[in-house]
Amino acid sequence: MSAPAASSSPIPSGGKVCTSFPEILMLGEFVFGGLVWILVASTRVEFAADQGWVMFVSVFCFVITTLLLILYMAGVQNSSAAWTAVDVFDHFISAMFYLSSAVLEASDTRFILINRNQKNFRINIAATVFAFVATLLCTIHGIMSIVRWKSSS
């Protein structure tokens, strides 16, 4: 009598997380999300609510991406097939959040250009570009996760 087969997930575990596509995009999300967080925190904007939203999005997505990366490396996704759906949901929510924060940051950057504050302008341009890059990475990861989810079911 053989032991029952362990549930297997299409999401890799261990070190393969850092070398497989689309999980390798999580490293880019981690880096660019962290850069948005750092750059927005280092500047002043005229609209505190906009800066608060951008900070919330960057910190929230940074923490969730870090948590998922650690959990995937630990192999918890092998215990249930629902982790693939969690991966899809997380990346589309992150993409929508980053897109909204990138648009707000771009709007605030345009306002800073009008006020002629060059230091804050340059910092906000970098934060805007990195927010759009994070949006792109989350969107690509979400699409590839849907493809993986549908092919595994």
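1. Let me start with the aromatic rings. This is a predicted model, and a search of the whole structure turns up 8 aromatic pairs. Take Trp53 and Phe97: their ring centres sit 5.3 Å apart with the planes at 75°. Since an angle over 60 degrees counts as edge-to-face, that is the class this pair falls into.

2. Where do the two partners, Trp53 and Phe97, lie? Trp53 belongs to helix α2, which covers residues 48-74, and Phe97 to helix α3, which covers residues 82-115. The pair therefore ties together parts that are 44 residues apart in sequence. As for solvent, Trp53 has 29% relative accessibility and so counts as partly exposed, because buried would require under 20%.

3. Phe97 has another ring partner to look at, Phe60. Here the centres are 5.9 Å apart and the planes meet at 55°, so the pair is tilted. Phe60 lies in helix α2 and Phe97 in helix α3, so this pair ties together parts that are 37 residues apart in sequence. Phe60 is partly exposed, at 33% relative accessibility.

4. Ring pairs join Trp53, Phe56, Phe60 and Phe97 into a cluster. When you look at the model, I would display these four side chains together.

5. Also in helix α2, do have a look at Thr65. Is Thr65 buried or exposed? Its relative accessible area is 3%, so Thr65 counts as buried. A polar atom of the Thr65 side chain lies 2.8 Å from the backbone oxygen of Cys61. Setting aside neighbours within four places in sequence, Thr65 is in contact with Met26, Glu29 and Phe30.

6. Now for the chain as a whole. The secondary structure comes to 4 helices and 0 strands, giving the pattern α-α-α-α along the sequence. Among contacts with a separation of 6 or more, 78% are between residues 24 or more positions apart. The Trp53–Phe97 and Phe60–Phe97 ring pairs, at 44 and 37 residues apart in sequence, are examples of links between separate helices.

7. Last, burial and surface. The protein chain has 153 residues, and 39% of them count as buried; Thr65 is one of the buried residues. The accessible surface of the chain is about 8200 Å². Carbon and sulfur atoms account for 73% of that surface.

Note on methods
Residues numbered from 1 in each chain as written. Predicted model: local features only at pLDDT ≥ 70, side-chain atom pairs only at ≥ 80, totals over all residues. Heavy atoms only, no water. Phe/Tyr/Trp six-rings, centres within 6.5 Å; stacked < 30°, edge-to-face > 60°. Helix = DSSP H or I, 4+ residues; strand = E, 2+ residues; numbered from the N terminus. Buried < 20%, exposed > 50% of the residue type's maximum accessible area, 1.4 Å probe, protein only. Contact = heavy atoms within 4.5 Å. Areas by Shrake-Rupley, 256 points an atom, 1.4 Å probe, with all protein chains shown as cover. Polar contact = N/O pair within 3.5 Å; in protein donor to acceptor, adjacent residues only side chain to side chain.
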